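Welcome, and please open the model in your viewer. We will take a short walk through a few side chains, one selection at a time.

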Amino acid sequence: AGYRGTATAGDGGTATAGQYGTATAGYGGTATAGEYGTATAGDGGTATAGYRGTATAGYGGTATAGDGGEIRIRYIDCGRYRTALGYVGEAGILPNVPYRCNEQGELIKCTP
């Protein structure tokens, strides 16, 4: 999808949206959104959002956000889904770095 567009993909799909766009991908998918965009990926998926965007990934997924953005990743605590939340520029969360959630619900950098 282009400028201000919306891209949606089904299970295992890939969704990419341009500036101001929204990208949503299904289970195991990849979602990428441009500047000020929002990217959402299902469990095990990857979400990447541009400058000041929001990246949300499901359980076991990874998320990356730009300067001023936020990262949200689901994890399981005592059999219940919870969401780890990090703000880029706070508590050591760096821009344009992929993060995952550990078993304690902490956002940690992904290692290559």
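Which residue forms a salt bridge with Asp77? Select Arg82 and Asp77 together, and you have the answer: Arg82 is the partner, and the closest N and O atoms of the pair lie 3.0 Å apart. Keep in mind as you look around that this is a predicted model. Now colour the two residues by accessibility. Arg82 counts as partly exposed, at 35% relative accessibility, and Asp77 is partly exposed too, with a relative accessible area of 29%.

Side chains of opposite charge can pair when their charged atoms come close. How many salt bridges does a search of the whole structure find? The search finds 2, so there is another one to visit, given the cut-off of 4 Å between a side-chain nitrogen of Lys or Arg and a carboxyl oxygen of Asp or Glu.

Next, select Arg72 and Glu70. These residues form a salt bridge, with 2.3 Å between the closest N and O atoms. Is Glu70 buried or exposed? Glu70 is buried, because its relative accessible area is 14% and buried means under 20%. Arg72, at 34% relative accessibility, counts as partly exposed.

For the last stop, leave the charges behind and select Tyr20, Tyr36 and Tyr51. Show the surface here: the three tyrosines form a nonpolar patch on it, with about 300 Å² of accessible area together. Then centre on Tyr51, which sits in the loop between strand 6 (46-49) and strand 7 (54-57). Tyr51 counts as partly exposed, with 34% relative accessibility.

Methods:
Residues numbered from 1 in each chain as written. Predicted model: local features only at pLDDT ≥ 70, side-chain atom pairs only at ≥ 80, totals over all residues. Heavy atoms only, no water. Buried < 20%, exposed > 50% of the residue type's maximum accessible area, 1.4 Å probe, protein only. Patch = residues over 30% accessible without salt bridge, like charges linked within 9 Å, V, L, I, M, F, W, Y side chains within 5 Å. Areas by Shrake-Rupley, 256 points an atom, 1.4 Å probe, with all protein chains shown as cover. Helix = DSSP H or I, 4+ residues; strand = E, 2+ residues; numbered from the N terminus.
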